[in-house]
Amino acid sequence: MSPSISDFPKALFEVLETDKLQRRFLEALVEFQNVERGSLWIKRPDGYQCIEATGDEADRLVGFLVPRGKPSIVGWVIENGQMTIAEPGKDKRHFKEAESGMDVKSTLILCYPLVLKDGDVYGAVEIIDTAHGGSRLNLSKEYLELLEEFVAIGSIALGNALAFADQKKETQKLKRIIGEFRGETPLVGKSPAFKTALDAAANYARTDFPVLITGESGTGKELFAREIHRLSPRKDKPFLVQNVSAIPDTLLESELFGYKKGAFTGADRDKIGLFEAANGGTVFLDEIGDMPLGLQARILRVLQENEIKPLGGAETRQVDVRVISATNCDLPRAIAGGVFREDLFYRLNVLPLRLPALRERPEDIPELLDYFLARDAARLGLPPKSFSAKAKRALCQRPLPGNVREMENLVRFLLATVSGPVIDEEDIPSPIEHGDPGQTLTPCPAPDQDAAKDGTAGASAASDLTAYTWEELERTYALALLERFKWNVTKAAKAAGVNRSTFDSRLRKLGINKE
């Protein structure tokens with residue numbers, strides 16, 4: 001008997017890191033039996049996976065998965081919860097593909113189940129003899145009983161460590177999800193297109209040069225601007241935002257540059273502008289393409305000279321700000337059309353950053369869905385919810401012209417309307433029902449306004465859709481579909497691309513019935 005057996009429990013519980021613990025556990029058992037190989041296996045939903053191996057050619061085995069349903073020694077031990085001794089050449093349970101490509105094969109395998117304190121079997125450990133005839137394994141009853149005791153101790157320690165590691169991963173995920181509450185920017189995604197943009201943002205953060213962020217609406221331009229500021233040396237200074245298209249032109253200049261008392265009617269005191277308030281930090285100008293030409297010249301001076309002059313003021317003031325701007329407009333076309341200054345474009349576009357649309361990063365959609373669902377449930381103090389496989393598949397295939405913002409709003413709608421813990425495919429509203437942007441109403445004939453209001457609108461109608469309410473358009477569309485399919489609700493729902501129950505529900509809300 002190896003003298004190190006008595007030290008095994010102490011040595012095992014000295015290790016805290018899961019990776020080190022599973023390796024020490026396995027190496028100790030192999031040493032006790034004086035054999036060449038050992039392997040640790042964990043039960044997975046789709047089979048049994050090797051998470052650790054020791055001995056020659058061990059790297060060939062780590063990560064290997066024995067599919068569920070295929071005969072294997074580890075599978076038999078895990079499912080039956082019993083120790084077994086097997087001769088690979090004779091035992092039909094042996095999954096020989098696990099040793100494919102290995103120069104030296106196993107001759108005798110001793111396999112124990114890994115059992116938690118509550119009796120649940122979560123894995124198995126194989127102690128493998130490669131000597132001729134399996135001559136090295138000590139199979140005496142007394143030795144095997146003692147070894148079984150130490151496997152039991154080790155399996156509980158390892159099971160707890162694995163559970164702790166899983167909990168740690170989940171905690172890190174939750175920390176990331178609620179990170180924005182601590183000022184961190186929630187940029188979620190691992191796709192190549194998204195990672196390229198994220199890497200560029202990190203590189204730009206090291207400089208003070210202007211950044212121009214372009215991309216479709218809803219792609220996260222402000223989030224990227226905040227990330228650049230957060231990673232920059234200016235992170236402890238202000239980050240101030242102005243949506244250029246959000247306020248009238250006459251007020252925009254005073255918002256950006258401030259004004260002196262008496263500069264105009266109502267200016268009863270001095271007011272500092274955005275650039276001065278952000279001194280030392282970052283100013284983010286959103287929708288820069290909508291800035292009036294007259295104001296563009298003043299922005300150009302800020303970029304060139306780092307100076308501002310408040311409205312009604314006689315003196316200029318020096319400011320130290322970094323300018324990040326964003327637009328979903330085609331600025332070169334605006335320049336050609338004479339509505340945007342070419343010199344300002346080149347000043348703003350020193351560091352260009354294009355953000356990919358959601359359709360360019362479809363592999364990020366599942367992670368984004370989980371992120372928004374968990375984040376908003378945590379914000380509202382609601383019980384956690386999840387998507388069924390069918391629901392997530394449907395959402396991954398759904399066109400989202402509003403990009404990430406549209407997805408975020410849709411998840412919030414589902415969080416508010418689904419009472420159970422699981423969101424299923426039937427819970428997802430149709431694009432028309434949810435009012436997604438970018439959806440065309442080409443199948444819907446334009447209504448006659450008076451007829452639409454009393455529910456008698458037909459196919460012949462005026463062509464100006466903007467004159468009517470959403471409910472009027474939806475009513476007309478539903479009636480047109482029903483007339484086309486002779487009031488067969490199932491066929492009409494299929495043509496609309498929604499479930500029959502959803503379509504039927506909308507008909508009731510609109511007060512439409514065959515009578």
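**Note on the predicted 515-residue model**

1. Buried residues make up 45% of the 515 residues in the protein; buried means under 20% relative accessible area, exposed over 50%, and partly exposed in between, with a 1.4 Å probe and protein chains only. This is a predicted model, where local features need pLDDT of at least 70, side-chain atom pairs count only at pLDDT 80 or more, and totals for chains, interfaces and linings use all residues. Residues are numbered from 1 along each chain as its sequence is written, and side-chain values use heavy atoms, leaving out hydrogens and water.

2. Overall make-up. The protein has 19 helices and 17 strands. These are DSSP runs numbered from the N terminus: helices are H or I with at least four residues, strands are E with at least two. The protein exposes about 26,900 Å², of which carbon and sulfur atoms supply 51%; the areas come from the Shrake-Rupley method with a 1.4 Å probe, and for residues only the protein chains shown count as cover. Among contacts with a separation of 6 or more, 65% join residues 24 or more positions apart. Contact means heavy atoms within 4.5 Å.

3. The parallel sheet. Five strands form an open sheet in the order E8-E11-E14-E7-E15, with parallel pairing. Strands E8 (239–243) and E15 (351–354) stand at the edges with a single partner strand each, so one side of each has no neighbour in the sheet. The twist averages 20° from one strand to the next. Axes here are lines fitted to C-alpha atoms, for helices over the stretch in contact, and angles run from 0 to 180 degrees between N-to-C directions. Pairing requires at least two DSSP bridges between two strands. E8 is joined to E11 (residues 282–286) by five bridges, and Phe-239 has Thr-282 as its bridge partner in E11.

4. Helix H6. In H6 (residues 221–231), Lys-221, Phe-224, Ala-225, Glu-227, Ile-228 and His-229 are buried. The buried residues of H6 pack against E7, E8, E11, E14 and E15, and also against helix H5 (192–204).

5. The cores. A nonpolar core is a set of buried Ala, Val, Leu, Ile, Met, Phe, Trp, Tyr and Cys residues joined through side-chain atoms within 4.5 Å. The largest has 28 residues; Leu-256, Phe-275, Leu-285, Ile-288, Ile-299 and Phe-340 touch the most other members. Elements giving two or more residues to this core include E11, helix H7 (249–257) and helix H9 (293–305). H9 gives the largest share, five residues. Another core, of 26 residues, lies apart from it, with Ala-28, Ile-42, Ala-161 and Leu-162 among its members.

6. The antiparallel strands. Eight of the nine residues of E6 (residues 121–129) are buried. E6 pairs antiparallel with E1 (residues 37–44) over six bridges; Ile-42 has Gly-123 as its partner in E6. Eight bridges join E6 to E5 (residues 108–115), also antiparallel, and Ile-109 stands opposite Ile-128. E5 and E6 form a hairpin with five residues between them, and Gly-119 in the turn has a positive phi of about 95°.

7. Asn-403. This residue is in helix H14 (residues 403–417). Asn-403 counts as buried because its relative accessibility is 1%. A polar atom of its side chain lies 3.0 Å from the backbone oxygen of Ser-217. The backbone nitrogen of Leu-358 lies 2.9 Å from a polar atom of the Asn-403 side chain. Not counting residues up to four places away in sequence, Asn-403 also touches Glu-216, Gly-218, Thr-219 and Ala-357, among others.

Methods:
Polar contact = N/O pair within 3.5 Å; in protein donor to acceptor, adjacent residues only side chain to side chain.
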